[in-house]
Amino acid sequence: MQGYSFELITGPMSCGKTEELLRRIRRCIIAKKKVKVISPEVDTRAKGDYIESRNGLWLDAIKVKHSIQILSVVKPDDEIVAIDELQFFDSNITKVIAKLMEDGKRVIGTGLELDFKAEPFGSMPELMCIATTVDKLHAVCMKCGCDHATRTQRLIDGKPADKHSPLIMIGGDETYEARCIKCYELPDAHPTEKRGLKLLQFEHK
C-alpha cells in the first residue's frame, strides 16, 4: 500500500498492536523507505525515546506532547509515518492524520478503541472513520483463557478498578489485562443517587 493511506491497528491491551506496527515498519525499512516513528509523550512505559512491544521488540521514536507537533517533525522526504498509542493524543490528531494523507504519506497507527470503562477512547471513533483500513486485533482473556478478549480491564491492587478512577493511568501487566466481554468487570463504589425520581405505576382500573 503506497501513500495517501491510513492503516489503523486497534484492539485491547496485550493484543499485539505495537508488535504489528513494528512488523510493518521493519518491512518498510527493508524496502528502503524513509520512516518516521512517533509516540505520545504521556506514554512513559518505554524509558526512552522509542516504542516497545510486550515481546521485547523496539524501535527509536520521536516523543511529542501535542498532535500538531507531528506536522513539524515529519519531513517532506518521509514516506511512512508510524504513530503509536493514538488514543492519548488531543482532538487535533484527526486533522493531523488527514493532512499527512493529503501530503501523500502512508500513515500507520495504533490505538485502544475502548478505555477501561469500555467507552470510546479519545479520538479513536473519528480515526476509525477516516482510516482506509482498520485491523481489529483480539487478545487472550487473562481470566478464562479464551482468545477473543476485546476489553481492557484495569486492576488496582489486583481488583477491578472502580468506574470513577482516573481515565489515564499508564501501566503495564500489573495494572491492566485483557478480558473477554463475559469476564470484564466495572464496579461502581459510589452509585449516583437518583434524587427526585419516582417510578410511575400504572394501575388497572
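**View 1. Lysine 36 of strand E2 and its bridge partner in strand E6.** In E6, valine 81 is the bridge partner of lysine 36, a residue that lies in strand E2. Strands E2 and E6 run parallel and are joined by four bridges. Helices (H or I, at least four residues) and strands (E, at least two) are DSSP runs, numbered from the N terminus. The model shown is predicted: local features need pLDDT of at least 70, side-chain atom pairs count only at pLDDT 80 or more, and totals for chains, interfaces and linings use all residues. Residues are numbered from 1 along each chain as its sequence is written, and side-chain values use heavy atoms, with hydrogens and water left out.

**View 2. The surroundings of lysine 36.** Lysine 36 counts as buried because its relative accessibility is 13%; buried means under 20% relative accessible area, exposed over 50%, and partly exposed in between (1.4 Å probe, protein chains only). Not counting residues up to four places away in sequence, lysine 36 touches Ile62, Val73, Val74, Lys75, Asp78, Ile80, Val81 and Ala82, where contact means heavy atoms within 4.5 Å. The side chain of lysine 36 reaches the backbone oxygen of valine 73 at 2.6 Å.

View 3. The side chains of lysine 36 and aspartate 78 meet in a salt bridge (2.9 Å, N to O), defined as a side-chain nitrogen of Lys or Arg within 4 Å of a carboxyl oxygen of Asp or Glu. This pair links distant parts of the chain, with lysine 36 in strand E2 and aspartate 78 in the loop between H2 and E6, 42 residues apart. Both lysine 36 and aspartate 78 are buried. A salt bridge also joins the side chains of glutamate 79 and lysine 33 (3.9 Å, N to O). Here glutamate 79 belongs to the loop between H2 and E6 and lysine 33 to the loop between helix H1 (17-30) and strand E2 (35-40), 46 residues apart. Glutamate 79 counts as partly exposed, at 33% relative accessibility, and lysine 33 likewise counts as partly exposed at 33%.

**View 4. The open sheet.** Six strands form this sheet in the order E5-E2-E6-E7-E1-E8, with parallel pairing; two strands pair if DSSP finds at least two bridges between them. Strand E5 (62-64) and strand E8 (133-136) are the edge strands, each pairing on one side only. On average, neighbouring strands of the sheet are turned by 20° against each other, direction ignored. Axes are lines fitted to C-alpha atoms, for helices over the stretch in contact, and angles run from 0 to 180 degrees between N-to-C directions.

**View 5. The two sides of helix H3.** In helix H3 (residues 93-102), Ile93, Thr94, Val96, Ile97, Leu100 and Met101 are buried. These residues lie on the same side of H3 because they cover an arc of only 165° around the axis, the arc being that of the directions from the helix axis to the C-beta atoms. Lys95 and Glu102, on the other side of H3, are exposed. The cover over the buried residues of H3 includes strand E1 (5-10), helix H2 (70-73), strand E6 (80-83), strand E7 (106-111) and helix H4 (124-130). Just after H3, glycine 104 takes a positive phi of about 90°.

Note on methods
Polar contact = N/O pair within 3.5 Å; in protein donor to acceptor, adjacent residues only side chain to side chain.
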